Amino acid sequence: MEQSTLGERRQPALLITGAGGEVGHGLISSFYKDGRPDIVATDLRELERDQRQKCAATYIADVCDRDALDRLLSMYQVKEMYHLAAVLSTRAEFAPEIAHQVNVNGTVNILQIAAEQGRMYGEPVKVVFPSSIAVYGFGSLEQKTSAGAVSEYEHCKPSTMYGCNKLYCEHLGRYYAHSYRQLATDSIAGDDKNRGVVDFRCVRYPGLISAETTPTGGTSDFVPEMIHAAARGESYSCFVRENTRIPFMTMPEAINATLQLAAVPRNELTQIVYNIASFSPSAGEVAELVKYYFPNASISFEPDNRRQSIVDSWPETLDCSAATSDWDFKPTYTLEQAFEEYLVPNITKQYESAT
Ligand code: AKB
């Protein structure tokens, strides 16, 4: 246990920002199940009670407020950060500058704090960062459909503020990990990439589908929204065309993959950013499965052209071979298995217990 500058003993902590979101919800539950006693969670709003009870401490904190973060973290020795706070793609298009503040300035604050704590403790602080398929940008549907499985370093021409933010933050993470203050006399960057003060690792999430939570503010939300609406017995008007296709995975797979990447010894990683995904169904194929499991489901397709163009700029399928070769990433489910083994049983239970 380290001494703070004021000599108080600093609690070891694992920090999760944006902990009130879907991924935060899944991560806290997973760490809690693993018996982690040191979860410190922050968000702009108070976390739900059952989530708070799984954490050592929770705080209402804004990642854009550097002073607040400093005050908060002066009590903790943070060796691991899961920086989830973000404004997603649809919401960001209604307030791009605010999204930029949160998505970029918030991330710079976290990286700076990680660098300072890393220098203070003489060992890198791990920062796990969720990026997104939104970093990609196809100029046309033909380009998208002919591209095939896209790897990490091609077609990265995002057309949304959120996509621009995520791509830039991937580069910022690489900078803090390998080149931070490279010209400073006391710099420890460059000569040995394993010695940077920030151990930055990034997974690029596809659309995520959770049985326990529903998304807010994203453009891949049409699939989880469709499934949850059917389970609640509500009709659903899908804001994209039936033949729209982008990659997805279930929330448990995303959480497992994130923890898998976090656990890999640093020198086994050959890159900083990794694609992950499980299946790439069309919206129509998902609707067919929904109707199979919820025969009374009423689903219509009324595309919102502007949101459609965002999804049309994202890839159909991802090349995840780097994640598989570097840290043995493997999807758990096919689309059909995801419905049969995870989504339908848990969503049905979720809404039955709510009635
Ligand atoms: C969004 O739709 O904005 C997110 C994402 C794909 O990153 N779910």
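I began with the second largest pocket, whose volume comes to about 400 Å³; a pocket here is an open set of points on a 1 Å grid over the protein atoms alone, where a 1.4 Å probe fits, with protein on both sides within 12 Å along at least five of seven lines, and the volume is the space filled by probe spheres set on the points. The model is predicted, so local features need pLDDT of at least 70 and side-chain atom pairs pLDDT 80 or more, while totals for chains, interfaces and linings use all residues. I number residues from 1 along each chain as its sequence is written, and side-chain values use heavy atoms, without hydrogens and water.

I then looked up the lining (residues with an atom within 4 Å of a point) and found 18 residues, with G26, S29, S30, K33 and E212 nearest the centre of this pocket. Helix α1 (22–33) and helix α9 (251–263) each give at least two lining residues, and α1 has the largest share, with seven. By class, I noted five nonpolar, seven polar and six charged residues in this lining.

Next I turned to the ligand, which has L88, S89, S132, I133, Y162, G218, T219, S220 and W314 around it; this shell splits into four nonpolar, five polar and no charged residues. Polar side-chain atoms lie 2.6 Å from a ligand oxygen in the case of S89 and 2.7 Å from a ligand oxygen in the case of S132, while an N or O atom in the side chain of S220 is 2.9 Å from a ligand nitrogen. Taken alone, the ligand exposes 250 Å², of which the protein buries 91% (Shrake-Rupley method, 1.4 Å probe).

Key:
Near = heavy atom within 4 Å. Polar contact = N/O pair within 3.5 Å; in protein donor to acceptor, adjacent residues only side chain to side chain. Nonpolar A, V, L, I, M, F, W, Y, C, P; charged D, E, K, R; others polar. Helix = DSSP H or I, 4+ residues; strand = E, 2+ residues; numbered from the N terminus.
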